[in-house]
Amino acid sequence: MSTASNNPVRVGINGFGRMGRLFLKAFFNAVAENKGHSMQIVHVNEIKGGLETAAHLLKFDSIKGIWDHEVSTDADALVVDGHKISFTEHATPNQIPWKKFGVDIVVECTGKFLTKAALEPHFSHGVKKVVVSSPVKEDGVLNIVMGVNDGLYDPAKFDIVTAASCTTNCLAPMVKVIHESLEILQGTVTTIHCVTNTQIVVDAPHKDLRRARSCLTSLIPTTTGSATAITVIFPELKGKLNGMAVRVPLLNASLTDAVFHVAKSTTVVEVNELFAKAANGALKGTLGYEERPLVSEDFRNDPRACIVDAPSTMVVDGTMVKVIGWYDNEWGYVSQMLKVTAKVAGMLRD
């Protein structure tokens, strides 16, 4: 595969579920669009289903449709557009022979290994950096939202980074714009979130009794860590933001409803102007701004982290601000994770 470099950084994916497969698709789509990264995906590890299942689910997707790239298998490898990607089925990081495949960066997409101790075995196999598709809440790990805090990434300091979460990626640009211009005093967040594989299709035991109920028939109030995770990026807001999620029986595209009490009096016009300016400036590619009366389906496959819904912006008594941001909780997230990985790869080469 041709990339932006003759000696691309070699990437391996551990976990080929929703995030792993979509990350690979985002990468190959970017290369096909001549947005080549100085990276090459060389290996995939997935414990469930085997190689043929991995290839089939990569090509055929109930949410995203049939992928318009060539996918096949050859012996113990996936083949995408003629590019062979070796494939293994190991259960834990310490079993995966990354060194054999020359892997520099592991994109950890299992959702299972979320501590430094659990991720450490990757490094014993020659891996230089790990990018995780879920937040890791430990010192020494940087949870990155592109355009918001990616400037804090120092390759000498961080061997493990994450792309935070899909909802944090949506919320963080909203907080950045409002806090830097109007100063957030307190706030609450509700994410109206599509179903995921962490939920139950038909009622079954679960430690969260609401998640024990069928995801197909109910609106399900549950937790989200995004409001507290955002305080890692904006520590001055610790204890001042909180939130929850409502899982809804849809497969794609979610929204974040944020209400902030701000220090500076404002108007709907000013708030929307702030978001429009940011979307076309410092946060372009991460934040979007939409004035048309759209619905969730219109944001399927949108690569941006957050798209502010301008017609829904409200201001009450000058200092209470309500903002809604749309996001494709799958494609938007992996598109941002690809940017995180490309940043890590670029600085690894330096």
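V201 sits in the loop that links β12 (184-194) to β13 (220-222), where strands are DSSP E runs of at least two residues and helices are H or I runs of at least four, numbered from the N terminus. The model is predicted, so to speak of local features a pLDDT of at least 70 is needed, side-chain atom pairs count only at pLDDT 80 or more, and totals for chains, interfaces and linings use all residues. Residues are numbered from 1 along each chain as its sequence is written, and side-chain values use heavy atoms, with hydrogens and water left out.

Turning to the sheet, 9 strands form an open arrangement with mixed pairing, in the order β5-β6-β7-β2-β1-β8-β9-β11-β10; strands count as paired if DSSP finds at least two bridges between them. Because β5 (71-74) and β10 (141-143) stand at the edges with a single partner strand each, one side of each has no neighbour in the sheet. From one strand to the next, the twist averages 25 degrees. Helix α1 (residues 18-32) packs on this sheet, touching β1 (9-14), β2, β6 (77-80), β7 and β8 (105-108), with contact meaning heavy atoms within 4.5 Å. The direction of α1 makes about 160 degrees with that of β2, angles running from 0 to 180 degrees between N-to-C directions of axes fitted to C-alpha atoms, for helices over the stretch in contact.

Strand β1 is mostly covered, with 5 of its 6 residues buried, that is, under 20% relative accessible area (1.4 Å probe, protein chains only). It runs parallel to β2, joined by 6 bridges, and N14 has N45 of β2 as its bridge partner. Another 4 bridges join β1 to β8, also in parallel, and here I13 is partnered by V107.

How values were computed. Buried < 20%, exposed > 50% of the residue type's maximum accessible area, 1.4 Å probe, protein only.
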